[in-house]
Amino acid sequence: MKDSVAEVRYQALRLRLNDLHYYQPLSLGSSVLAESMLADLIESVESFQVMKVRADKQSKRFKDCFSELNGLRHENPRLQAENNSLHQELIEAGEGAERQEADIRLCLR
């Protein structure tokens, strides 16, 4: 029974190896090692593919963020200048109001 299970596993492994174009001779004794190595190889390839997709997504996200950051870098100086101008106007308006108030107080005396 054990031999028939080993033979079936060997045949399945041989088919998988042939599908991958590995036609070199394989002994029944080394089939367990080859089966484990093939499983590890397939797992590594699948893991690599998952990581590649993840890396591609991260790269796209990085490019999108970098593009947005560049837009903000160009817009920031304009916004700072506009903010400084508005702040200066507020200061001048406040100073003007204080002068008017002082003038009105002088007139009321």
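Buried, in this tour, means under 20% relative accessible area, exposed means over 50%, and partly exposed covers what lies in between, with a 1.4 Å probe and protein chains only. The model is predicted, so local features need pLDDT of at least 70 and side-chain atom pairs count only at pLDDT 80 or more, while totals for chains, interfaces and linings use all residues. Residues are numbered from 1 along each chain as its sequence is written, and side-chain values use heavy atoms, with hydrogens and water left out.

Select R14 to begin, in helix α1 (residues 2-19); helices here are DSSP runs of H or I with at least four residues, numbered from the N terminus. R14 is buried yet has no salt bridge, and the nearest side chain of opposite charge, D19, is 9.5 Å away; a salt bridge requires a side-chain nitrogen of Lys or Arg within 4 Å of a carboxyl oxygen of Asp or Glu, and for charge Lys and Arg count as positive, Asp and Glu as negative, with His and the chain ends not counted.

Now select Y10, L13, L17, L26, A34 and L38, the six residues of the largest nonpolar core, that is, a set of buried Ala, Val, Leu, Ile, Met, Phe, Trp, Tyr and Cys residues joined through side-chain atoms within 4.5 Å. Helices α1 and α2 (31-108) each supply at least two residues of this core, and α1 gives the most to it, with three.

Move to R9 and E35, whose side chains meet in a salt bridge at 2.5 Å, N to O. This pair links distant parts of the chain, with R9 in helix α1 and E35 in helix α2, 26 residues apart. R9 is partly exposed, with a relative accessible area of 45%.

Along α2, select K52 and D56, which form a salt bridge at 3.7 Å, N to O, and which lie four residues apart, about one turn of the helix. Continue to E75, R78 and E82, linked in a network of salt bridges, and then to E101 and R105, whose side chains meet at 2.6 Å, N to O, in a further salt bridge.

Finish at F62 and F66, whose ring centres are 6.0 Å apart and whose planes lie at 25°, so the pair is stacked; rings of Phe, Tyr and Trp (its six-membered ring) pair if their centres lie within 6.5 Å, with planes under 30 degrees apart counted as stacked, over 60 as edge-to-face and the rest as tilted. F62 is exposed, at 57% relative accessible area, whereas F66 is partly exposed at 41%.
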